[in-house]
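Please read them with the structure in view.

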Amino acid sequence: MATLEDPIEIGGVTIPNRLYRAPLLECAGNGPDAVDALIDDLEPAAESGVGLICQGATIVRGDGGCAAPGMTRVHDPDFVKRLSRLTERIHDHGSRIFVQLEHGGLRSMETWHDEYRRDHPGLEQLAVSRPPWQLRLLDRLGFLSYDPHVLSTDEVYDLAADFGRAAASAVDAGYDGIHLAGANMGIVQQFLSPFYNRRDDEFGGSPEARLEFLAVVHDEIRERAGDVPLMTKVPAETPAPIVRRKLSLEDGVEIARRLEKIGYDAVVPVQTSVVWDMSIVRGAYPERAWTNEGLQAEYDAAFGGAMRKRLVSLANRIQSIQYDFEPAWNEEFCQRVRERVSIPVLAEGGIRERAEMDRLLGGSSSESLGEGEPPACDMVGMARPFYAEPRLGARLLESGIGGNENERTRVLCESCNNCTVPQVTGAPGICRTPDVLRARGELEREGAYERPES
Ligand SMILES: Cc1cc2nc3c(=O)[nH]c(=O)nc-3n(C[C@H](O)[C@H](O)[C@H](O)COP(=O)(O)O)c2cc1C
Ligand code: SF4
């Protein structure tokens, strides 16, 4: 039975323990301060002992494809070379770092961000197929704005090659592995999902063909970047009232099984939705973020006026009821995938307590915590809790002063989502809930984030 402190191998690379920081928007961009911004964001987790740092989604092309403001692009090898300063800093602490590769496709920000669209009037969105009628309706009603370019077969191969090129530059810059953004409604999910993919070439028409893009991306990465560890998020799509064609949990399990056969080294099963909503960030309606006086003008600019801002806020309120917080909400999906594959399965989404982590890993030392249950996963990850406590690892891992196997350490993050909405303005990803920040301050004063060796 594994514990959080046990090492694990992914694709031949040893990760020193089973705790990972899940990908989170860093808003570091590509400017002169980008590398320092990434170091500031990611190094504290490594310093605190976290075994694997997954950098947030980075875009494989130079134009379009960003889902939100401030995303970093990795199409330019000269820029990526500069990231070796980041990877060295992570390695100095004994941790590993994977970069996540992404293209937004129909989820690119010019489709929803009014100011960005006006600043970039010529942008087309790469589309797997013509947008589904539900999205065309939202376009006609003025909530979204599409100018899709449906990829030809050759262009799909070109896009896969861009993933391969970005991976090769990343390996040169010292990244230990490649992570694909397969389940946050970006272009990888758009290829996998029958909601988006109506192609009739080798990339569509059947579940196997919808996986072909990930097969070609795999081959491109292997050819250009060698045997670097390669993993991806795997989606299962949540029910929606007017969506008939979607990926069920069983479809997600089957995708994971096939990915292992193709040669992927690890999978991250994630329940998501076919569109923008709170399915991947379950939690409360972020009242404080929406009523922040200082951000109203920027929200208006992003959403295209006060009326549309109010409608998005209302949609957010409704979604927070549908996607209320649920502890470890991907557990069942991970468990089912793990029964069918022999590569590591990484679990994330609502994991908040050390005891829960032990239980998911099947390595609880206490009977009352469920000893004997089959593991749901091989590594456990968190995202928002790292905004709340950048040095969280020190509190959770035994090597830290605050960590203690019997203590059932709970993270401070309340899943209130006050950190998420301000990011539509390009604001940095930080915790914005005063009570949580106060509690962090107290823990800092108590030395809870120190490690004996630091
Ligand atoms: C602000 C924000 C940005 C995110 N960015 C990414 C991303 O770039 N790629 C990705 O795969 N998931 C992304 N996620 C999803 C997280 O990796 C994670 O799956 C999700 O937040 C649930 O985990 P948590 O409950 O521990 O926060 C993001 C989540 C948040 C809140
Ligand atoms: S604002 Fe802070 S407490 Fe709320 S979800 Fe974000 S990180 Fe967690």
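This is a predicted model: local features need pLDDT of at least 70, side-chain atom pairs count only at pLDDT 80 or more; totals for chains, interfaces and linings use all residues.

Q: Where is Cys27 found, and what is its phi?
A: Helices (H or I, at least four residues) and strands (E, at least two) are DSSP runs, numbered from the N terminus. Cys27 is found in the loop between strand 3 (19–21) and helix 1 (34–47). Cys27 is a residue other than glycine with a positive phi, near 55°.

Q: Is Met185 buried or exposed, and what is its phi?
A: Met185 has its place in the loop between strand 9 (177–180) and helix 7 (187–192). With a relative accessible area of 2%, Met185 is buried. Its phi is positive in a residue other than glycine, near 70°.

Q: How many residues surround ligand 2, and which are the closest?
A: A residue is near a molecule if one of its heavy atoms lies within 4 Å of it. The residues that surround ligand 2 number 14. The closest are Cys413, Cys416, Asn417, Cys419 and Cys431.

Q: How do the residues of the shell around ligand 2 divide?
A: Ala, Val, Leu, Ile, Met, Phe, Trp, Tyr, Cys and Pro count as nonpolar, Asp, Glu, Lys and Arg as charged, and the others, Gly among them, as polar. Helix 16 (residues 384–388) gives the most to this shell, with three residues. The shell divides into seven nonpolar, four polar and three charged residues.

Q: Do Cys413 and Cys416 count as buried or exposed?
A: Cys413 has a relative accessibility of 11%, which is under the cut-off for buried. Cys416 has a relative accessibility of 19%, so Cys416 also counts as buried. For both Cys413 and Cys416 the word is buried.

Q: How many disulfides does the structure hold?
A: A disulfide is a pair of cysteine sulfur atoms within 2.5 Å. The number of such pairs in the structure is zero.

Q: Why does the span of helix 9 agree with its number of residues?
A: The expected span of a helix is 1.5 Å times one less than its number of residues. Helix 9 (residues 212–225) has 14 residues and should therefore span 20 Å.

Q: How many residues of helix 9 are buried?
A: The buried residues of helix 9 include Phe213, Leu214, His218, Glu220 and Arg222. Helix 9 is mostly covered, and of its 14 residues the number buried is ten.

Q: What separates the C-alpha atoms of Val268 and Cys416?
A: Val268 is found in strand 11 (residues 266–272) and counts as buried, at 0% relative accessibility. Val268 and Cys416 are 148 residues apart along the chain, and their C-alpha atoms are separated by 23 Å.

Q: What separates the C-alpha atoms of Gly393 and Arg451?
A: Gly393 is found in helix 17 (residues 393–396) and counts as buried, at 0% relative accessibility. Gly393 and Arg451 are 58 residues apart along the chain, and their C-alpha atoms are separated by 9.4 Å.

Note on methods: Residues are numbered from 1 along each chain as its sequence is written. Chains are lettered from A and ligands numbered from 1 in the order in which they are written. Side-chain values use heavy atoms; hydrogens and water are left out. Buried means under 20% relative accessible area, exposed over 50%, partly exposed in between (1.4 Å probe, protein chains only).
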